Amino acid sequence: CDVYVTFFGLWELPVFDNISESEQVHTTQVQAMIGKYRLMDPVVDDAAGVFVDQELAVMYGTLIADGSRSSLKALYVGAAIEEIDMIDLQHAIDETDNTDIQRLYECLKSGSRNHLRAYVGQIENLGIVYEAQFLSREEVDSIVDSPLERSR
């Protein structure tokens, strides 16, 4: 969400604002699940760009630097984030047997697929063919060629 807010401020593309608002809804859903199961919240400080995990902090800096070079680079960063999110969410789904949490993760994956569709649509509207960055080309094509999804 921090990356998208930053990119909206830089490039004023509505896609970044729309997706950052959606990500805030997802964050609220995750916080509710954390509260329901009395889990430890890994977010200590929710200020933009502040992470407990140093690897995430470095990744954030790299993503911001890449996306600050041009609006096209920012769109590619957004798409990459969504591809990575889908991979991470699938790993998380595979690692839990809690159906509540699995449903939440599936909902988040649905959101990431919609976000990927939005970023790829913006890129392709510029006359550029999007190339998958972390998922297979077939998986990205399948997502992009399917209709928007509604959260469950």
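## Ser20 and its contacts

Contact here means heavy atoms within 4.5 Å. The model is predicted. In it, Ser20 touches Cys1, Tyr4 and Val5, leaving aside residues up to four places away in sequence. Ser20 sits in helix H2, which covers residues 14-36. Is Ser20 buried or exposed? Its relative accessibility is 7%, so Ser20 counts as buried; the cut-off for buried is under 20%.

## H2 against H4

Helix H2 also meets helix H4, residues 71-95. Their axes come within 12 Å and cross at roughly 25 degrees. Angles under 35 degrees count as roughly parallel, so H2 and H4 are roughly parallel to each other. Their crossing is left-handed.

Which residues meet? From H2 come Val15, Phe16, Ile19 and Glu23. From H4 come Ala74, Leu75 and Glu82. Five residues of this contact are nonpolar, two are charged and none is polar.

Side chains of opposite charge can pair when their charged atoms come close. How many salt bridges does a search of the whole structure find? The search finds seven.

One of them joins Lys36 and Asp100, with the closest N and O atoms 2.4 Å apart. This pair links distant parts of the chain: Lys36 belongs to helix H2 and Asp100 to helix H5, 64 residues apart. Lys36 counts as exposed because its relative accessibility is 52%. Asp100 counts as buried because its value is 17%.

## Glu149 and two arginines

Glu149 forms a salt bridge with Arg113, the closest N and O atoms being 2.6 Å apart. Arg113 is in helix H5, while Glu149 lies in the segment after helix H6 (137-144). They are 36 residues apart in the chain. At 14% relative accessibility, Arg113 counts as buried. So does Glu149, at 19%.

Arg117 forms a salt bridge with Glu149 too, with closest N and O atoms 3.0 Å apart. Arg117 is buried, with a relative accessible area of 11%.

## Arg103 and the network

Salt bridges that share partners join Lys36, Asp100 and Arg103 into one network. Arg103 lies in helix H5, residues 99-125. Its relative accessibility is 53%, so Arg103 counts as exposed. The C-alpha atoms of Arg103 and Ile81 are separated by 21 Å, and the two residues are 22 apart along the chain.

Key
Residues numbered from 1 in each chain as written. Predicted model: local features only at pLDDT ≥ 70, side-chain atom pairs only at ≥ 80, totals over all residues. Heavy atoms only, no water. Helix = DSSP H or I, 4+ residues; strand = E, 2+ residues; numbered from the N terminus. Buried < 20%, exposed > 50% of the residue type's maximum accessible area, 1.4 Å probe, protein only. Axes fitted to C-alpha atoms, helices over the stretch in contact; angles between N-to-C directions. Parallel < 35°, antiparallel > 145°, perpendicular 65-115°, else oblique. Left-handed = near helix turned anticlockwise from the far one by under 90°. Nonpolar A, V, L, I, M, F, W, Y, C, P; charged D, E, K, R; others polar. Salt bridge = Lys/Arg side-chain N within 4 Å of Asp/Glu carboxyl O.
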